[in-house]
Amino acid sequence: SVFLNWQEPLFCICLFDVRRFGEGQNGDVINQPRVIVSKHFLRMTIRVGIIGLSTSGWALLAHLPYFTQTDKYKIVALANSTKQAAIEAIEKLKLDSQSIKAYGSPQELAQDPNVDLVVVSVNVAKHKELVWPAIEAGKDVFVEWPVGKDAKEGKEIADFARQKKVKNVVGLQGRYHPQANKIREIIQSGRIGKLLSSTFVGTAGMLIGGKLSEQVWYLADDKIGGNLSTIFLGHYIDIHNWTLGQKFVDFSAITANQFDKVDLTDKEGQVVKSDVPKDTLDQILIQGHLTDGGLSTVHIRDGVVSTSDVQTRWWIFGTKGQIEITCSTKTFLNGAFPWDVTLFDLSSGEKEKITADLPFEKVDHPLAANIARVYDAYARQDGTFVTLDEAVELKTFIEKVKQASAEQHAIKL
């Protein structure tokens with residue numbers, strides 16, 4: 001059944017139970033349909049409550065652009081550390097103060113009956129604290145990667161979401177890069193033959209010459225849970241698995257922290273605090289076997305960037321051809337920045353440049369476009385987006401990488 005009102009269209013899927021109800025005056029059987037399922041609504045417009053949107057930060061750069069351009073979602077609530085902070089964010093961002101409610105806690109936002117989806121876009125240390133009330137209230141949730149400070153906390157969030165039967169999606173957006181999907185199509189079509197090996201070398205580009213922006217100070221503190229090994233390695237491994245269509249089945253790893261102290265800098269690059277202790281990894285090397293027998297090598301580093309124009313290189317070798325991917329930006333791992341992709345045909349010797357359209361609707365900012373594609377996939381419920389359970393699997397893999405390095409032996413998955 002389709003119900004329409006002047007405010008918002010709804011789709012309602014109803015299951016009717018037709019049973020013998022009684023007899024009419026002439027002895028005719030009267031059958032009366034009884035609605036036994038009528039509460040599952042799929043809204044054409046998903047009403048969103050955001051935790052963490054302000055005048056700066058990731059939610060502003062990566063999430064807000066899509067919401068201002070789409071009719072699939074509508075922001076109806078905003079929560080920050082205080083109600084006043086939420087009100088000021090609504091005003092300064094020129095959002096509709098008449099239709100968007102301001103809240104000073106995640107509990108208040110979670111109780112808003114007009115919110116369908118709660119988006120948690122904050123520092124990883126507060127993921128569990130802020131998403132828990134939303135799940136408890138039965139709200140669907142979008143949680144940024146890396147979903148909690150460790151695999152244990154991530155699993156607690158995922159288990160609770162499953163218990164409450166809420167739909168969920170995780171901000172692992174690199175798999176939606178158009179060129180990643182083009183390469184995935186090429187591999188699946190058999191154009192490069194059987195996959196022999198994959199070699200990736202890239203930089204996070206956050207810690208440069210021992211200096212780290214004070215805005216991302218937490219990258220130096222391992223107990224926070226957001227750093228090279230969690231955020232950046234996680235983003236790349238998800239792209240790796242999605243694009244290749246395979247995962248590691250075993251691997252060995254070497255990791256290192258080569259900058260045990262860093263200087264924090266302001267927006268102008270001036271040092272504001274020197275010799276801040278750092279206990280997070282800045283070099284991660286992984287090598288192992290893939291699902292179908294191929295090999296893969298991953299090296300993600302921080303601390304220095306390449307002196308050439310290329311910051312990231314990825315080679316994919318097959319029996320019939322090979323693919324070379326390069327990227328000049330440091331944030332290859334999650335943004336929709338253009339990749340330079342070349343396909344080599346080994347039998348003919350021909351080279352082919354592989355291109356794909358980058359813009360998404362009216363969202364042109366490279367940090368926002370792939371996030372927009374995540375939201376679009378979630379609205380369609382097409383099964384391509386990462387769920388909390390899948391995120392826990394990835395977090396567990398990352399912890400095993402650390403284990404393999406510490407114990408100096410290979411790990412079989």
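Start by selecting helix 4 and helix 5 (residues 151–164), whose axes come within 10 Å and cross at roughly 5°. Axes here are lines fitted to C-alpha atoms, for helices over the stretch in contact, and angles run from 0 to 180 degrees between N-to-C directions. Helix 4 and helix 5 are therefore roughly parallel to each other, a label for angles under 35 degrees, with over 145 being roughly antiparallel, 65 to 115 roughly perpendicular and the rest oblique. Now show side chains: His127, Lys128, Val131, Trp132, Ile135 and Glu136 of helix 4 meet Glu153, Glu156, Ile157, Phe160, Ala161 and Lys164 of helix 5. Contact means heavy atoms within 4.5 Å.

A word on what is on your screen: this is a predicted model, in which local features need pLDDT of at least 70 and side-chain atom pairs count only at pLDDT 80 or more, while totals for chains, interfaces and linings use all residues. Residues are numbered from 1 along each chain as its sequence is written, and side-chain values use heavy atoms, with hydrogens and water left out.

**The whole chain**

Zoom out and colour by secondary structure to see nine helices and 23 strands in the protein chain. These are DSSP runs numbered from the N terminus, helices being H or I of at least four residues and strands E of at least two. Of the 413 residues, 49% count as buried; buried is under 20% relative accessible area, exposed is over 50%, and partly exposed lies in between, using a 1.4 Å probe and protein chains only. Among contacts with a separation of 6 or more, 69% join residues 24 or more positions apart.

Next, select the open sheet with strand order 8-7-6-9-10-11, paired in parallel. Strands count as paired if DSSP finds at least two bridges between them. Strand 8 and strand 11 (168–171) stand at the edges with a single partner strand each, so one side of each has no neighbour in the sheet. From one strand to the next, the twist averages 25°.

Move to strand 9 (residues 117–120), where Leu117 and Val119 point one way, Val118 and Val120 point the other way, and all are buried. Strand 9 pairs in the parallel sense with strand 6 (residues 46–51) over four bridges, and Val120 is the bridge partner of Ile51. Strand 9 also pairs in the parallel sense with strand 10 (residues 140–144), again over four bridges. There, Val118 has Val141 as its bridge partner, and Leu117 stands opposite Asp140.

Helix 4 lies across strand 6, strand 9 and strand 10, and runs at about 170° to strand 10.

**The cores**

Which residues have the most contacts inside the largest nonpolar core? Select Phe251, Ile286, Val298, Ile316, Ile323 and Leu388, in a core of 81 residues. A nonpolar core is a set of buried Ala, Val, Leu, Ile, Met, Phe, Trp, Tyr and Cys residues joined through side-chain atoms within 4.5 Å. Apart from this core lies another, of 33 residues, including Ile75, Ala368, Ala372 and Phe385.

Centre on Ile316: beyond its neighbours within four places in sequence, its contacts include Ile183, Leu195, Ser198, Leu244 and Ile323. Hop to Ser198, in strand 12 (residues 195–208). Ser198 is buried, with a relative accessible area of 1%, and among the residues it touches are Tyr236, His240, Trp314 and Trp315.

**Loops and backbone details**

Leu93 is in the loop between helix 2 (83–92) and strand 8 (101–103). Leu93 is buried at 19% relative accessible area, and it touches Leu53, Ser54, Thr55, Leu60 and Leu64, not counting residues up to four places away in sequence.

Now try the Trp145 to Pro146 peptide bond, which is cis with omega near 20°; Pro146 lies in the loop between strand 10 and helix 5. Asp275, in strand 16 (residues 271–277), has phi near 55°, a positive value in a residue other than glycine.

Is Gln408, your last stop, buried or exposed? At 71% relative accessibility, Gln408 counts as exposed. Gln408 lies in the loop between helix 9 (388–407) and strand 23 (411–412), with a positive phi of about 55° although it is not a glycine.
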